[in-house]
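Thanks for coming, everyone. I have one structure to walk through today. Please bring it up on your screens.

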Amino acid sequence: MSSYEAGTLAGVGSFRCESCDFAVALHMGDEVPPCPSCGGRVFHRSSLFGAPAAAPAPRSDGPAPDWLEEARGELVREGDYMAFDDGVRVRVVALQEGWTRIGRSLAAQLRLDDPTVSRRHALIHREDSGATVLDDRSLNGVFRNGERVERAEIADGDAVSVGRYTLHFLHLAGERSSQRVAGAARA
């Protein structure tokens with residue numbers, strides 16, 4: 001595994017992929033991951049405040065994954081959810097009213113433990129009128145359906161990229177959820 005040294009702390013700081021300029025932030029003891037954008041393995045030190053030469057290729061503009069409709073079908077309660085594959089299993093997280101923090105921090109309600117995710121990466125604000133995703137000053141940015149956004153409304157079926165993860169926003173309306181609950185009660 002590669003490591004980088006700068007000053008007195010090894011592997012601490014911001015790096016960019018030599019091939020596609022995708023940025024990652026590393027901390028002491030972090031393994032250098034393959035580039036989430038292109039799979040490259042060679043990185044160079046980069047300023048945290050430097051802009052990439054070209055925007056990284058977002059991963060959320062392709063077709064929906066095969067597991068998404070199955071995950072949607074398992075939902076029984078009305079509400080908003082984020083569904084994603086964490087590499088081990090598919091996770092579906094219910095969003096609460098108000099703010100949901102997404103990041104690597106232990107304080108995040110939706111925690112993604114990966115060096116491509118900032119400690120405070122994104123926020124989702126949910127209220128009766130809908131949901132909004134906001135970039136929380138992340139290093140790698142937030143993408144909605146393949147387009148980098150600072151703040152954007154999200155709707156059912158939208159894909160939100162956070163680091164190497166693609167989160168799928170699911171909205172279960174009242175009619176379908178009450179039908180599923182009624183069907184379960186009859187069984």
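Start at Ser-118. A polar atom of the Ser-118 side chain lies 3.1 Å from the backbone nitrogen of Leu-139. This is a predicted model, so please keep that in mind throughout. Where does Ser-118 sit? Its place is the loop between strand 9, residues 110–111, and strand 10, residues 122–127. Is Ser-118 buried or exposed? Its relative accessible area is 15%, and the cut-off for buried is under 20%, so Ser-118 counts as buried. Now its contacts. Leaving out residues up to four places away in sequence, Ser-118 touches Gly-103, Arg-104, Ser-138 and Leu-139.

Next, the sheet around that loop. Five strands form an open sheet, in the order 9-8-10-11-14, with mixed pairing. Strand 9 and strand 14, residues 151–154, stand at the edges. Each has a single partner strand, so one side of each is left without a neighbour in the sheet. Look at the strand 14 end. Strand 11, residues 130–135, pairs with strand 14 in the antiparallel sense, over four bridges. Within that pairing, Val-133 has Ala-152 in strand 14 as its bridge partner.

Val-133 comes up again in the core. The largest nonpolar core has 21 residues. Which of them touch the most other members? They are Met-82, Ile-102, Leu-112, Ile-124 and Val-133. Strands 6, 10, 11, 14, 15 and 16 each give two or more residues to this core. The largest share, three residues, comes from strand 16.

Take Leu-112 from that list. Setting aside neighbours within four places in sequence, Leu-112 is in contact with Phe-84, Ile-102, Gly-103, Arg-104, Val-117, Val-162 and Tyr-165. Gly-103 and Arg-104 are also touched by Ser-118.

On to cysteines. How many disulfides are there? The count comes to zero. Cys-35 has 4% relative accessibility, so it counts as buried. Cys-38 is at 42%, so it counts as partly exposed.

Last, the whole chain. The protein chain has two helices and 16 strands. Of its 187 residues, 46% count as buried. Among contacts between residues at least 6 apart in sequence, 46% join residues at least 24 apart. The accessible surface comes to about 10,300 Å², and 49% of that belongs to carbon and sulfur atoms.

That's my tour. Questions, please.

Definitions and conventions
Residues are numbered from 1 along each chain as its sequence is written. This is a predicted model: local features need pLDDT of at least 70, side-chain atom pairs count only at pLDDT 80 or more; totals for chains, interfaces and linings use all residues. Side-chain values use heavy atoms; hydrogens and water are left out. A disulfide is a pair of cysteine sulfur atoms within 2.5 Å. Buried means under 20% relative accessible area, exposed over 50%, partly exposed in between (1.4 Å probe, protein chains only). A polar contact is a pair of N or O atoms within 3.5 Å; within protein, one must be able to donate a hydrogen and the other to accept it, and residues adjacent in sequence count only if both atoms are side-chain atoms. Contact means heavy atoms within 4.5 Å. Accessible areas come from the Shrake-Rupley method with a 1.4 Å probe; for residues, only the protein chains shown count as cover. Two strands pair if DSSP finds at least two bridges between them. A nonpolar core is a set of buried Ala, Val, Leu, Ile, Met, Phe, Trp, Tyr and Cys residues joined through side-chain atoms within 4.5 Å.
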